[in-house]
Amino acid sequence: MDYLQRLSKPYKWIMYLLVGVPIIIMILLSFTSTLGVDFSGAEFSLDNLGRLNEPVYTQAIKNSLTLSSIATIICFLIGYPIAFMITKIRDKYKWLILVMVISPMWSNMLLRIIAWEQLFKPNSLLNTIGISLDLLGTRSAIIIGMVSIYLPFMIFPIFTVLDKMDKSLIEASVDLGATKTQVFTKIIFPLSISGVASGVMMTFLPSATAFALPERLGGGRILLIGNVIENLFKRVYNYNLGSLLSIVIILIIFGAMRIINRQEGGLII
Amino acid sequence: MKKISLILFTVLLMVSLMGCQEKTTMYVLNWGDYINEEVVEAFMEDNNINVIVEEVDSNEAMYEKVRSGNTKYDVVVPSDYMIQRMAEEGLLNKLDRSRIVDYQEGMFEPAVYELMEESGIDEYAIPYFYGSIGIMYRNEYEDVVMEHGFGVLFDDSLLPSNARIGMYNSSRDSVAAALLHLGYDVNTTDSAKLSEAEALLSNMDYAVWGDDNLKNEIVAGNLDVALVYSGDYFDILYIVMDEGRDVDFGYMTPMHTNIWVDAMVIPTLSENTYQAHLFINYFLNVDNALENVEYVGYTPVITDVYELMKEDEEWNDITENAYFRDFYYQEGFIGQMYKHVSLEHYQVLEEIMMRAKMD
Amino acid sequence: MMTKLMNILKWPLVLVTFFLLYFPIIIIAILSVNESQSAHIFTGFTFKWYEEIITNSSLRTAIFNTFLIAIISTAISTVIGTAVAIGINANSKKESTKVLMLSNIPIVNPDIVTGLSLMIVFSFVRLKFGFPSMLIAHIFFSVPFVILSVLPKLRSLDKDIFYGAVDLGCTPMQAVFKVILPAIKTGIITGALIAFTMSIDDFVISYFTTGSGFSNFSIWLYSRLGRRTFSPAAYAYNTLIIIGTFTTIMIMNLKSYRKERKRN
């Protein structure tokens with residue numbers, strides 16, 4: 001045991017450093033006024049905490065959480081059945097379908113976003129086949145984009161769990177008289193929860209904090225927390241408020257994750 | 001014995017190879033594709049100096065990279081207000097004019113140089129390119145835009161109700177356009193004036209808040225008018241002309257507007273200030289500058305270079321466009337340059353823009 | 001009733017999924033053969049952008065850098081991740097939860113926070129910004145994915161397999177390499193694939209941890225988007241990646257399929 005146990009110790013300490021130190025710095029930044037990361041001449045200040053209440057920030061947080069929740073739910077409603085269907089495919093084609101699901105992820109995200117923009121603009125390439133929508137700058141456009149990008153992240157973990165499921169459990173329940181619906185609701189779905197939790201996490205988290213996607217598909221019109229934080233860090237050079245907002249959003253997300261995990265038996269974090 | 005002699009041999013080899021690397025390497029931080037690589041290569045050959053150009057897409061990124069000192073850049077090309085900020089924070093060297101031998105008094109275009117002298121950044125920077133912010137429009141709206149200037153961006157009665165208006169997704173530029181329309185100074189911190197500007201922005205429902213994509217959408221017809229940089233306009237103009245497509249759009253800026261300047265500076269952390277001055281000087285040579293201007297396509301800062309372009313028939317389409325250069329020299333034209341006010345001011349501007357976007 | 005509903009929805013769902021996943025890919029492919037640089041108008045069919053991938057020096061360098069970082073970081077993070085996963089699996093529940101939580105943080109943190117954090121730490125220790133810093137950053141965010149892929153496989157292994165091997169005369173090293181690793185092979189491969197995917201497409205973290213002019217494809221793209229210097233060669237490169245991946249996996253699949261047939 002000793003030999004194997006030792007393999008993870010150095011990693012633990014490196015991670016404490018690489019993860020813990022920045023968090024401490026960010027907490028310090030949140031409650032002081034500094035020039036970027038330069039702490040000389042820093043003063044303790046609760047200003048930023050007060051700023052949090054401003055409508056722009058609360059609306060940005062609300063917008064982000066709402067849009068990513070909707071996108072996550074849609075990803076789940078589409079992803080779960082798809083994952084289920086893939087498990088039913090004959091083994092030799094299963095791999096092919098999985099590759100087809102994952103290969104769009106190898107495509108650069110920014111380019112994919114630009115491609116979606118073409119669909120949403122009134123004048124675009126698609127006019128040649130008679131399509132002219134006017135959806136750029138709407139919430140729907142952002143949601144469609146999010147689903148497109150994050151759907152594979154939902155499908156994969158669910159598929160992995162469903163695929164590994166012990167078929168004999170299903171057979172046994174059918175033998176004991178369960179209807180197809182009952183088999184699903186009482187056996188398959190509960191056993192797949194850990195996959196669902198993974199998928200939800202890998203969809204909700206990045207979509208809630210994304211900035212390039214909502215900025216472009218939302219036509220820059222919709223306030224989202226990812227863009228607000230990015231602007232604070234990059235354009236206004238306000239590392240203090242930026243750090244505070246980042247911590248707030250991380251806490252909110254962690255909180256939401258914990259609630260999900262508690263209900264499903266705490267498997268991931 | 002064998003092992004020792006092998007190690008000794010390797011060490012000697014490495015040391016001798018290190019000695020061979022006498023060529024200095026200098027680092028240049030610039031905007032994306034904002035310099036003619038062939039001119040840079042010529043500089044490298046003429047002076048036996050290695051130049052590595054790194055690209056960023058914003059002044060703030062330049063600031064962060066220079067300040068952090070992770071790479072000790074020798075020449076950086078920021079914009080007006082950022083140069084002022086860097087200078088105030090002690091990040092820049094004052095230029096040693098004696099080392100810039102090709103500099104002559106009066107060689108630069110007054111519209112840009114006078115503004116640089118006024119804000120004191122001429123001590124730290126040599127101008128590189130300049131231009132204005134203004135309105136890009138689809139030709140069918142030319143008359144309205146010519147008559148009202150920035151007004152078309154803030155008064156929705158001037159254009160048809162289904163007109164799609166684009167605003168620059170930058171707090172500084174969007175507020176500046178509003179301030180200019182109201183007749184105020186673009187660098188004002190007066191909260192009453194800023195509130196007025198905010199009211200103008202909030203009132204309008206812009207189809208898109210964008211940056212580089214605004215010019216593309218005007219050309220595509222997805223936007224009817226938009227606030228853009230003169231550089232944006234020329235960028236897309238060249239592409240459309242090269243592809244032989246119709247130019248059904250235009251650009252204008254009013255008599256009171258914002259002038260932007262990008263200029264070369266030398267950070268204090270530079271370890272090759274001698275080479276840095278040589279590099280800057282290289283672009284003051286009229287032939288090199290002309291080659292660079294013909295690649296980048298923006299308005300030249302050296303008067304002689306502009307004169308050469310005017311003589312070249314191939315550039316007629318551009319030099320005859322008033323907004324390339326001549327408009328800025330009309331009687332009564334007033335250009336205002338951005339100044340670095342304070343970080344708090346940027347925060348205020350950013351929140352104005354965010355509130356304007358709220359529904 | 002439920003099954004009837006499912007059956008009706010089956011094909012629409014598949015179509016919607018295919019559309020959502022592949023619409024952008026198809027558009028990018030079309031734009032890659034568009035004569036015009038502008039995306040709103042198709043002026044003609046051409047392959048010239050494909051040529052430009054090689055002739056455009058800054059793009060070429062950016063692509064090379066992207067693969068360099070992706071391959072090296074994937075290799076290193078797969079080794080580290082597998083080792084750590086084995087360590088976690090062998091430890092007490094308390095210890096392993098601690099390490100797991102730490103390892104999950106890069107995954108759940110927004111990219112911008114990870115990027116900024118690493119930038120802060122690297123500045124502190126005066127690490128050279130450029131290839132070394134970007135490489136370490138990529139390894140940092142890839143290792144957790146490898147761990148998450150390998151761990152479930154490890155958990156399904158018989159606990160005594162290691163000791164069995166040692167008892168039968170293996171040194172601990174031999175036991176790891178000859179017994180454990182082959183058993184968790186699929187987990188390692190999946191982990192490596194995920195690490196590679198994350199590295200190839202990364203933008204934010206790379207952006208904050210680079211310097212000295214070292215750009216990857218995403219940085220090249222972002223700094224030129226919408227400018228005249230943006231080149232549809234980017235679309236061409238992207239399309240080639242998709243085609244290349246597909247072909248490789250198809251060939252690999254055919255190979256293993258033929259192997260199966262031979263065995264039978």
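I started with Thr25(B) and looked up its bridge partner in β2(B), which is Asn50(B). Here, strands are DSSP runs of E with at least two residues, helices are H or I runs of at least four, and both are numbered from the N terminus.

Before going on, I noted that this is a predicted model, where local features need pLDDT of at least 70, side-chain atom pairs count only at pLDDT 80 or more, and totals for chains, interfaces and linings use all residues. Residues are numbered from 1 along each chain as its sequence is written, and chains are lettered from A and ligands numbered from 1 in the order in which they are written.

Back to chain B. I found β1 (residues 25-31) running parallel to β2(B), with 7 bridges; two strands pair if DSSP finds at least two bridges between them. The open sheet has 3 strands in the order β2-β1-β3, paired in parallel. I marked β2 (50-56) and β3 (75-76) of chain B as the edge strands, each pairing on one side only.

Next, chain A. I counted 13 helices and 2 strands there. Of its 269 residues, 46% are buried (20 or more other C-beta atoms, placed from the backbone, within 10 Å of the residue's own).

Last, I checked where chains C and A touch. I got 62 residues of chain C in contact with 58 of chain A, contact being C-beta atoms, placed from the backbone, within 7 Å. α1(C) gives the largest share of chain C's side, 15 residues. That side splits into 46 nonpolar, 14 polar and 2 charged residues (nonpolar: Ala, Val, Leu, Ile, Met, Phe, Trp, Tyr, Cys, Pro; charged: Asp, Glu, Lys, Arg; polar: the others, Gly among them).

Key:
Contact = placed C-beta atoms within 7 Å. Buried ≥ 20, exposed ≤ 12 C-beta atoms within 10 Å, placed from the backbone.
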